[in-house]
Amino acid sequence: MPRPLRLYVRAVDALSYRLGRLAVYLIFVMMGTLLVAAFSRVAFNTSYIWLVETMQFLLVAYFLLGGAYSMQLGAHVRMDLFYERWSERTKAAVDAVTICCLIFYLAMLLFGGWSSAEYALRYGETSRSAWSPPMAPIKIVMCLGIAVMLLQATARLLKNVARALGDTVE
Amino acid sequence: MSNELIALTMLGGMLLLLFTGQRVVGAIGFVAASAALLLYGTGGNQMPFNAAMTVLDWYPLVTLPLFVYMGYMLSESGISGDLYRMFHVWAGPLSGGLAIGTIGVMLAISAMNGLSVAGMAIGASVALPEMMRRGYNKLMITGTIQAGSSLGILVPPSVVLVLYGIIAKQPIGQLWLAGIVPGLLLAGLFVIYIGVRCWLQPELGPPLPKQEREEVSWADKLRLLRAGAIPLVIFFTMMGLFFTGVTSLVESSAVGAASATIVAAAKRRLTWDVTQETIRKTLSISCMFLWVIMAALCFGAVFDGLGAKYAIQGLFLEGWELGPWETLIMMQLSFILLGMFLDDTAMLVIVAPLYVPLVMRLGFDPVWYGVLYTITCQIAYMTPPFGYNLFLMKAMAPNDVTLRDIYLSIIPFVGIMVLGLAIVMAFPELSLWLPNLVYGE
């Protein structure tokens, strides 16, 4: 692989990993917040109007920010009836074509996300709930996660092409 | 394009892409996004992201990563292994005892876990090598593990039933209760089959040799029972708090996750490595499911919005002039067909919005239907030539277990599950009496 592309793949991998390592710990934030909220409701009869929405925001941040890292870990399942029988090179060649489908989907996702986030920023959109938090921050976080997933998918594409051509990736 | 043509193109395109071995999220997402862009008109380019916003609105989905965490914490810290040893020692003297014990372990694990993947992983890593070593028949082993892991999403807590509850707008507590008796029924049928079969053909599952049995003293045997107490305590704490209304559904899943962590800490197994491994696997599995759900939601919305829903309803009710029961059976068959390609969550998100209104229109109980759906999904996973469980099993089993062995091994168990499904279909009371008992009519 040409040097600039190699640097790109390495940079995207590093970024996905860092972001994913951050997202991994959000599970403890979710668990802790829920336990504290449940305890304080049972013990002191308090209720928090921010609880439900905060949890929803955390869940979305968790899986969108962790997306690229989970792709690095190879967590996304495939229907591998034929796939598993192919040689590494055939797999890479087929993947190089079909990963463009994933890239297209992610690009559409990012396009929709960006226009939605821009709208939220411009008009100061808030959630339709009693708590009514601004929507822009979570939408920007969502876009960030999707964007890194998109970068990761393009890095995979480069790796697949390299492998299909019999080139070394590293 | 006509409704029928759209339905065919979208489903066909998705299956074709799945066959290339691309990630499931890519295949579903691509078809959904391109159909939205080409056919939907105004707002079509926003549909993929709108599906992400729908995920944001589904509060009960927060239980998904928490239940996944709970399952991995229990298996990574070796608590499931202790559980297996207990069943092993107590059921070992019987013919086929280890296989029966495996079903018992799976049942206990599914009571602490919302997905079937974790049960399969534990079965393949702990139970499989042990049974191989004792000269159990290969077919008996893989069949048992696959059948046992299917209990995972039927016995509460079940993530699949949570998702069904969100989509069908049914109370999740009732759905969970409705799954208990059918889950126990299936487990019972499996145990009877293994017991009778191994009694008739002892070479399939030889009992533990006498000498080895005497090596374990009664004191040890009793001590092992404590391992079995842990899942019971966790299960009843979590479910007790939920069903008495002390904690909400999502809070209960946090209680479950925290109690698994506490148990691991109390057993001095909560090391840095165990924790890191658990949270990393939790993220992988949760991301996999949630990205697929997000893509499937977009697919479902486009499919629905373009009128493909009417194509299917029209086909069943007017085209083939089916009665209510025939429609129900056709639906189950279509699940088996789709389940060969898709996993349960993706299939649920795509198909449930089409089928649930139809089920209600035909006068069936949607809670009962949720249980039928879950059992059917599991049958679909285990049906050759394609099935998620079959591939998972192949990936996890040692090399001398061929795909052919795995196909052969599940035949009797699929038969039992079909029997179980028929029983639950014929007697809806089996699944409904428990929710009715707890919540009243």
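In which helix is B:T278 found? Select helix α14 of chain B, residues 272-305, and you'll have B:T278 in it; helices here are DSSP runs of H or I with at least four residues, numbered from the N terminus. Before moving on: this is a predicted model, where local features need pLDDT of at least 70, side-chain atom pairs count only at pLDDT 80 or more, and totals for chains, interfaces and linings use all residues. Residues are numbered from 1 along each chain as its sequence is written, chains are lettered from A in the order in which they are written, and side-chain values use heavy atoms, with hydrogens and water left out.

Now look around B:T278. Its relative accessibility is 0%, so B:T278 counts as buried (under 20% relative accessible area, 1.4 Å probe, protein chains only). Show B:Y69, B:Y72, B:M73 and B:E76: B:T278 touches them, leaving aside residues up to four places away in sequence. Touching means heavy atoms within 4.5 Å.

Next, select α8 (residues 138-149) and α10 (residues 172-200) of chain B, whose axes come within 11 Å and cross at roughly 170 degrees. Axes are lines fitted to C-alpha atoms over the stretch in contact, with angles from 0 to 180 degrees between N-to-C directions. That makes α8(B) roughly antiparallel to α10(B), the word for angles over 145 degrees. From α8(B), B:M140, B:T144 and B:A147 meet B:F190, B:I194, B:R197 and B:C198 of α10(B).

Finally, colour by chain. The contact takes 64 residues from chain A and 63 from chain B.

Key. Helix = DSSP H or I, 4+ residues; strand = E, 2+ residues; numbered from the N terminus. Parallel < 35°, antiparallel > 145°, perpendicular 65-115°, else oblique. Buried < 20%, exposed > 50% of the residue type's maximum accessible area, 1.4 Å probe, protein only.
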